[in-house]
Amino acid sequence: MAASLGGAPLGQMTLGRSPLASSGAPMFLVRQVITSLSGSLVVPEDVIADIFAYGAGGGGASVSGASSGGGGGGAAGYSRLQIPARAVLSWTGGVGGTSVGSPGSDVAGISGADATVSIDGRLIGTAQGGRAGTTSGNAARSSATGFQINRYGGGAGEAGEFGGSSSGAGFGGGPGGFSDLFGNVIPSSGGTPTGGNGVPTAAGFGAGGGSGVLQRYSGLGGFSLIVANLYRPALMRVPLKIPPGLNGDDTTYSAAGRWADSNNVRFDRDFPQVIGGWESLTASLLTGVCRTVFQWTDSLPTLNIAFGTHSALQVWLGGALYDITPTLAKPGFALIDAGVTVTNGSALMTVVKTAHGLTTGNSVVVSGGIGVGRLIPSGAYTVTVTDANTFTITAGSNAQLSKTLGSNPFSVINGSPTVTVTETGHNISTGTSVTVSGASAVGGITPNGTFVATRIDANSYRFNFTSGATSTATGGGAAVAVAVPASGGVGMTFGPQAAFAAGAIDGTGGAGYGTGAYSVGGYSEPSTADYFPRTWALAAWGQNLLANPRGGTIYDWANVSADKAAPLTNAPAKVTHMLVAPQDMVFALGCNQEASNAFDPLCIRHSSVRKNTEWHTAAGTTAREYVLPGGGRIVAGRVAGSNLLVWTNHSLFLGMFIGALATPWRFDRVATNCGLIGPNAAVVVGQAAYWLGVDGQFYRYVLGGGVEPIACAIRDDLFGNLTPGQADKITAASNSRFSEVRWDYPDERDGTENSRYVALSLVGQGWHRGRMARTAMVDAGPSQDPIGVTASGNVYWHERGQSADGQALTWSIETADQYLNEEQTALVLGLWPDVKSQIGPINVSITSRFKPQGDETTKGPYPVAAGQDKVDVRASGRLFKLKFEGASIPAFARFGQIAVDLAAAGDR
């Protein structure tokens with residue numbers, strides 16, 4: 001267009017600084033459009049566009065008088081826009097208004113044409129043309145809408161917001177609306193009136209026309225103008241320096257500059273990397289839902305791995321899986337005194353055992369010990385209960401307290417005090433006190449009196465006389481009588497035959513007040529009855545395995561694959577948690593009291609040193625009993641060095657071995673209000689314990705120090721979505737290879753079983769998390785790798801390979817908001833990956849927004865191949881989030897410092 005505006009040829013115009021620009025970031029002009037006509041163009045590349053639009057000026061009126069109305073100035077608008085490549089920029093414009101009068105009639109002016117701007121058909125803004133002059137007065141203002149800056153055009157006789165002034169009615173219209181916005185580099189003057197038949201003077205662009213007089217021509221309004229400067233922003237490379245660890249609890253805006261979320265990506269040596277894969281340990285599935293895994297070595301040494309499920313106890317040994325599930329539910333008890341009495345001629349045996357816990361009709365297996373009244377019970381018997389401390393069984397024969405033996409039943413050897421007695425079917429056991437009478441001399445001695453018998457076989461026994469025989473002989477006469485006591489049974493063991501039963505898969509114990517039966521459990525606390533999912537405490541006793549299902553007794557497995565685990569004799573019948581102390585004592589935490597046999601949730605009992613079947617307290621034993629103060633219930637315990645840590649649902653206690661005979665251990669309360677949420681939710685690493693509390697706080701305790709809360713910026717998601725009533729399923733495990741502690745938990749978004757985990761780096765790398773279904777985990781040692789188990793019974797080696805047992809390993813990591821340019825809107829045009837050892841494809845997405853609570857726009861995903869040096873992306877905004885993800889067989893990536901290409905894009 002060859003016209004000029006205020007003396008400046010259109011092709012030589014240079015606009016000044018953009019009114020929205022707030023920094024001196026360099027930009028390079030790609031194209032400039034200056035026109036007053038409608039048109040469009042396809043944008044050749046991603047650009048920043050400065051768009052100026054001026055409506056055409058209005059024409060003045062032609063009237064007979066000298067004070068007719070001049071035309072108004074056109075409105076003006078401006079926007080700085082980010083326009084993607086191949087978008088269509090279009091605009092409309094037109095000429096200014098005028099009027100042609102004729103003698104005898106007054107004629108109003110014509111309004112100027114509007115100027116509009118659109119992108120891909122979407123209207124960006126409208127600059128209204130100047131209003132027409134009227135026959136009775138001056139033109140009104142015009143307005144602009146939709147632009148980032150909108151300025152009105154003045155009516156005749158007034159200035160626009162950035163316009164000059166006019167001489168008033170009957171004279172020229174106001175100058176163009178934006179003439180001063182750019183420092184008068186595009187001057188525009190209003191039109192002037194004419195008289196008679198003279199030709200009107202044209203106004204500058206966007207200016208109003210002057211009025212006509214004597215009903216002739218009015219001044220011509222200035223034409224519209226569209227100016228579009230398209231810039232290519234100068235790029236700067238911005239490295240993203242993001243510290244390790246997630247911050248997912250805060251808003252992504254307040255967590256700006258951090259990582260916000262991850263799935264199966266840990267932080268190692270300050271940077272994120274995909275976790276190791278997992279491989280099947282065995283093709284066989286476990287029976288039941290596993291809650292506890294324990295590994296140890298036998299005397300060979302061979303690796304043993306035990307699995308406690310809700311319904312079974314199994315062990316992996318030598319590459320095979322064996323079922324060692326107990327058949328019996330209750331422990332046997334051995335009499336420590338003469339608790340059995342009989343009546344001569346009767347088969348009824350009366351047994352006294354404090355709080356025996358049996359009911360009439362129960363079956364017991366009797367073995368061992370000292371017989372009574374020539375009765376040695378062996379095998380299964382049916383119990384008849386007399387009271388809580390007494391029951392009876394019926395032997396297969398009648399008691400015979402005294403018996404006359406056959407002729408000459410004694411044999412002696414010269415010089416020996418030993419007297420051998422022949423008595424067919426005697427039923428006298430070793431240790432039985434026998435009283436001999438009616439004997440005549442044999443071998444120089446007359447062996448009458450009371451002696452302790454030693455069984456030889458079913459038809460003979462022996463005892464020692466007070467002096468040796470003087471000759472070898474057989475004799476004693478035909479009147480020898482041998483009497484035995486009517487009471488005894490020391491060491492006789494009674495094994496209740498109640499069958500071992502499966503436990504609960506799910507629980508309600510963590511659901512809070514009112515979940516248990518009425519009056520069961522402490523006031524305002526969950527019931528202590530079996531409302532919990534079955535969990536196990538497992539420990540080694542030499543090469544043997546000790547196992548305790550929560551609320552059951554303690555079992556012993558002698559490391560024979562064909563055998564079942566058997567109840568540990570004399571152990572408490574009901575135990576919350578079991579552990580083995582370094583001092584070779586078995587501990588029952590939360591168990592039956594010795595005297596009453598009543599269950600006490602705060603009672604602690606331990607066996608004697610190196611005698612795991614000796615549980616009674618006496619001067620000749622080291623077995624003892626303690627009761628913790630403070631209320632609540634014991635949840636679990638752990639060994640820490642030579643000490644014990646015992647958690648209740650309220651407090652933490654430290655158990656220290658002090659060696660005193662009366663009280664070998666002392667239990668001191670370390671802290672309150674830090675109780676353990678579930679029996680498997682604590683783990684010890686070195687001298688420090690880590691656990692998840694009932695209050696949802698993570699804690700750490702180092703021996704010799706105090707309990708400290710661990711800050712966790714992702715725990716809101718855990719506790720906000722923890723499946724109600726299933727907190728006892730939470731399991732903690734260390735990962736020594738990466739110095740981590742991990743908690744697997746059930747998330748109600750996925751169901752009732754463990755489905756997700758959070759993990760803490762112990763070397764300052766913060767927290768990470770992931771989605772992985774593991775109901776039990778254990779660290780490496782003595783195995784080389786950690787072990788994890790699924791709810792369906794799959795057992796895996798972890799940190800092996802780079803796949804999910806031959807399937808795709810899914811991972812992702814996402815940043816919180818990143819302020820790449822805090823002062824103005826930014827345009828991200830490229831991403832520079834920094835990835836080491838990439839295996840499998842990576843996809844990256846970028847999400848942008850202009851305000852913390854503004855709408856988000858996500859671009860991508862863009863593929864990132866191994867070794868790719870740059871990824872072309874396109875996103876604009878003030879806040880940006882990056883998400884990297886992958887799912888492949890195999891899969892691995894270790895990220896370094898990612899960088900982006902950034903261009904300033906002005907304000908918005």
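**The largest cavity**

About 160 Å³ is the volume of the largest cavity. A cavity is found on a 1 Å grid over the protein atoms alone, as a set of points where a 1.4 Å probe fits but cannot get out. Its volume is the space filled by probe spheres set on the points, which are joined across faces, edges and corners. Keep in mind that this is a predicted model: local features need pLDDT of at least 70, side-chain atom pairs count only at pLDDT 80 or more, and totals for chains, interfaces and linings use all residues. Numbering starts from 1 along each chain as its sequence is written, and side-chain values use heavy atoms, with hydrogens and water left out.

Which residues lie nearest the centre of the largest cavity? They are R266, N735, R742, M777 and E799, out of 20 residues in the lining. A lining residue has an atom within 4 Å of a grid point. By class, this lining holds nine nonpolar, six polar and five charged residues. Here Ala, Val, Leu, Ile, Met, Phe, Trp, Tyr, Cys and Pro count as nonpolar, Asp, Glu, Lys and Arg as charged, and the others, Gly among them, as polar.

Now look at the elements around the largest cavity. Those that give two or more residues to its lining are β56, β57 (740-746), β58 (754-761) and β60. The most comes from β56, with three residues. Strands are DSSP runs (E, at least two residues) and helices are too (H or I, at least four), numbered from the N terminus.

How many cavities of 30 Å³ or more does the structure hold? There are two.

**The largest pocket**

Next comes an open space. The largest pocket has a volume of about 870 Å³. V293, F294, L538, R638 and V778 are the closest to its centre, among 32 lining residues. A pocket is an open set of points with protein on both sides within 12 Å along at least five of seven lines. The pocket lining divides into 20 nonpolar, nine polar and three charged residues.

Strands that each supply at least two residues of the pocket lining include β18 (290-297), β40 (536-541), β56 (731-735) and β60 (776-778). Recall that β56 and β60 each give two or more residues to the lining of the largest cavity.

Follow β18 onward. The loop between β18 and β19 (303-309) holds P301. A cis peptide bond joins L300 to P301, with omega at about 0°. As background, most peptide bonds are trans.

Now go to β40. W536 sits in that strand, and F500 is in the loop between β39 (493-496) and β40, 36 residues apart. The structure holds 25 aromatic pairs. F500 and W536 form a tilted pair, because their ring centres are 6.3 Å apart and their planes stand at 40°. Rings of Phe, Tyr and Trp (its six-membered ring) pair if their centres lie within 6.5 Å; planes under 30 degrees apart are stacked, over 60 edge-to-face, and the rest tilted. Both F500 and W536 are buried. Buried means under 20% relative accessible area, exposed over 50%, and partly exposed in between (1.4 Å probe, protein chains only).

β44 (575-581) also supplies at least two residues of the pocket lining. In the loop between β43 (566-567) and β44 lies N570. N570 is not a glycine, yet its phi is positive, about 75°. N570 is partly exposed, with a relative accessible area of 22%.

**The whole chain**

Step back at last. The chain's secondary structure comes to one helix and 72 strands. The chain has 908 residues, and 53% of them count as buried. Take contacts between residues at least 6 apart in sequence: 63% of them join residues at least 24 apart. Contact means heavy atoms within 4.5 Å.
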